[in-house]
Amino acid sequence: MSKFRIIPRMDIKNEKLIKTIRLEGVRPIGNPVEFAKKYYEDGADEIFLNDTVASLYDRNSLAEVIKEIAKEVFVPITVAGGIRSTSDVEKLLKSGADKVALNTKLHDKPKLINEVSKNFGSQCMVVQIDAKKMKNGDWEPYIRGGRDRTFKNAIDWAKEAEDRGAGEIYLTSIDNEGTRKGLDLKLNNILKNIKIPLIYCGGVGEVEDIIKAYDKYKFDGISLSYLLHVKKIKISEIKRKLSENNIRISKR
């Protein structure tokens with residue numbers, strides 16, 4: 001297994017960094033460029049940028065923000081939100097992104113996974129799954145920032161994404177996101193069905209939450225917001241604790 005990655009999640013609305021709870025309950029945090037630079041300098045392995053309202057308006061408006069961040073940050077940048085076509089992908093890559101994470105449009109046009117993977121490489125194609133637990137115990141992918149149902153099974157959808165050429169899954173538990181009650185360990189059953197890397201997001205309130213989840217399921221990385229933006233724990237400190245618990249972390 002490759003080294004475990006720490007990825008700041010930066011949800012952006014109107015070019016401002018925000019923090020959400022269950023993908024809602026917006027709390028302003030600050031300037032995304034300044035935060036991205038700080039996280040990079042402290043050891044972030046990647047940066048994840050998400051335009052929180054892009055899918056509602058069928059557009060991604062982060063090109064200028066990406067350009068500014070790319071001047072200061074020299075690790076992979078993944079961009080999500082409102083991406084509808086290979087031309088959208090090309091624009092974001094030219095702005096400085098290294099990967100794109102798609103969600104909403106894929107459920108109308110799943111072959112877009114194949115197209116992005118073919119044109120830009122599977123390493124560029126990340127499938128973003130915002131999953132919510134259903135009454136029957138399954139998890140369903142939601143779209144448009146967690147607002148609309150897809151009536152699909154999240155585990156089956158992750159497998160289809162892999163089969164179509166996705167290089168990575170970015171998985172968020174809507175139920176746990178922003179709650180600080182820990183990761184939804186059972187949702188990691190997705191790992192039993194795929195071989196591509198999985199980045200997990202949603203619910204981390206303490207570093208111990210990451211360790212507990214990794215001990216049960218050996219996933220590939222964690223995407224953090226509260227722990228970094230609000231609690232202000234340094235990435236270097238998180239990596240130190242993970243390393244002490246025998247998790248192989250990057251030391252770039």
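Trainee: What should I know about the model and its numbering?
Mentor: The model is predicted, so local features need pLDDT of at least 70 and side-chain atom pairs count only at pLDDT 80 or more, while totals for chains, interfaces and linings use all residues. Side-chain values use heavy atoms, with hydrogens and water left out, and residues are numbered from 1 along each chain as its sequence is written.

Trainee: How many disulfides does the structure hold?
Mentor: A disulfide is a pair of cysteine sulfur atoms within 2.5 Å. Cys124 is in no disulfide. A search of the whole structure gives a count of zero.

Trainee: Are Cys124 and Cys201 buried or exposed?
Mentor: Buried means under 20% relative accessible area, exposed over 50%, and partly exposed in between, with a 1.4 Å probe and protein chains only. The areas come from the Shrake-Rupley method with a 1.4 Å probe, and for residues only the protein chains shown count as cover. Cys124 has 1% and Cys201 has 2%. Cys124 is buried, and Cys201 is buried.

Trainee: How many salt bridges does the structure hold?
Mentor: Side chains of opposite charge can pair when their charged atoms come close. A salt bridge is a side-chain nitrogen of Lys or Arg within 4 Å of a carboxyl oxygen of Asp or Glu. The structure's count is 20.

Trainee: Which residue forms a salt bridge with Arg5?
Mentor: The closest N and O atoms of the pair are 2.6 Å apart. Both residues are buried. The partner is Glu46.

Trainee: How many residues apart in sequence are the parts that Arg5 and Glu46 tie together?
Mentor: Helices (H or I, at least four residues) and strands (E, at least two) are DSSP runs, numbered from the N terminus. Arg5 lies in strand E1 (residues 5-13). Glu46 lies in the loop between H1 and strand E4 (47-51). The pair therefore ties together parts separated in sequence by 41 residues.

Trainee: Which residues are linked with Arg5 and Glu46 in a network of salt bridges?
Mentor: The network takes in Arg5 and Glu46. It also links Lys99 and Glu168.

Trainee: Where do Lys67 and Glu64 lie?
Mentor: Their side chains meet in a salt bridge, 3.4 Å from N to O. Lys67 is partly exposed at 35%, and Glu64 is partly exposed at 45%. They are three residues apart, about one turn of the helix. Both lie in helix H3 (residues 63-70).

Trainee: Glu140 and Arg149 meet in a salt bridge. Which of the two is buried?
Mentor: The N to O distance of this pair is 2.7 Å. Arg149 is partly exposed, at 41% relative accessibility. The other residue has a relative accessible area of 3%, so the buried one is Glu140.

Trainee: Which residues gather in the patch of positive charge on the surface?
Mentor: Patches are made of residues with over 30% relative accessible area and no salt bridge; like charges are joined within 9 Å, and nonpolar side chains (Val, Leu, Ile, Met, Phe, Trp, Tyr) within 5 Å. Lys and Arg count as positive and Asp and Glu as negative, with His and the chain ends not counted. A charge is placed at NZ of Lys, CZ of Arg, CG of Asp or CD of Glu. The patch holds Arg27, Lys38, Arg180, Lys232 and Lys234.

Trainee: Where does Lys38 lie?
Mentor: Lys38 is in the positive patch. Its relative accessible area is 39%, so it counts as partly exposed. Lys38 lies in helix H1 (residues 32-41).

Trainee: What is the phi of Lys232?
Mentor: Most residues other than glycine have a negative phi. Lys232 has a positive value. Lys232 is exposed at 54% and lies in the loop between helix H8 (226-229) and helix H9 (235-244). Its phi is near 60 degrees.

Trainee: And what is the phi of Arg144?
Mentor: Arg144 sits in the loop between strand E8 (139-143) and strand E9 (148-149). Arg144 is partly exposed at 28%. Its phi is positive too, near 55 degrees.
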